[in-house]
Amino acid sequence: MLKVLRPLATVIEGFIDRIGGLTAWIALVMIGLVATNVLLRYTFSYGSVWAQELEWHLLAALILLGMSHALQRGENVRVDLFYARYSPKAKRVVDVISALLLIAVALAFIHLSLGYVEQSRSIMEGSADPGGIPYRWAVKALIPLGYGLLVLQQLAQLFRLLSTPLQPQEAARV
């Protein structure tokens, strides 16, 4: 029964991979923008509030869209001091509990951020600085989107964990 979840996990992870590719392009654009801003500032004494704010907006997009991809790739920060010594069954229990807790936290972030984004959109919040970027609600909308991607990634992880049986020799070492 749980094996039907594996194809769904594959679809979700494929989607997260495509988002990860997008974040790579965002990083490239951000590097180019920062280099251009520094060159203009120190060579021609020209600065732009809009361009500097765009750096921060791209950084927010990079982090919020990239965190699910980093988690999928195992590039998140973990403390393996105790985990490395656990049996395969204990590791699976820890992984399932961790996934469920992360889903709960991500859902809380989504719930709390929706009002924040809606308030910003309703007043058409923009930059407080002259020459800054309008539509600040658009970058704030990345908060629930990024945490939604995190929920999807953790669901895919749960589907994989629950649909993969322990190997007989792993179950015997428990």
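Y147 is buried in this predicted model, with a relative accessible area of 16%; buried here means under 20% relative accessible area, exposed over 50%, and partly exposed in between (1.4 Å probe, protein chains only). Leaving aside residues up to four places away in sequence, Y147 touches L64, M67, A106, F109 and I110, where contact means heavy atoms within 4.5 Å. The model is a predicted one, in which local features need pLDDT of at least 70, side-chain atom pairs count only at pLDDT 80 or more, and totals for chains, interfaces and linings use all residues. Residues are numbered from 1 along each chain as its sequence is written, and side-chain values use heavy atoms, with hydrogens and water left out.

A pair of aromatic rings is described by the distance of the centres and the angle of the planes. Rings of Phe, Tyr and Trp (its six-membered ring) pair if their centres lie within 6.5 Å, and planes under 30 degrees apart count as stacked, over 60 as edge-to-face and the rest as tilted. The count by this rule is two aromatic pairs. The ring centres of F109 and Y147 are 4.5 Å apart and their planes lie at 5°, so this pair is stacked. It links distant parts of the chain, with F109 in helix α3 (residues 88–122) and Y147 in helix α5 (residues 142–163), 38 residues apart; helices are DSSP runs (H or I, at least four residues), numbered from the N terminus. F109 is partly exposed, at a relative accessible area of 38%.

G146 counts as buried, at 0% relative accessibility. With residues up to four places away in sequence not counted, G146 touches L64 and M67. G146 and I63 are 83 residues apart in sequence, yet 8.3 Å apart in space, C-alpha to C-alpha.

Of its 29 residues, L65, L142 and Y147 touch the most other members. Helices α1 (5–44), α2, α3 and α5 each supply at least two residues of this core, and the largest share, nine residues, comes from α5.

Definitions and conventions:
A nonpolar core is a set of buried Ala, Val, Leu, Ile, Met, Phe, Trp, Tyr and Cys residues joined through side-chain atoms within 4.5 Å.
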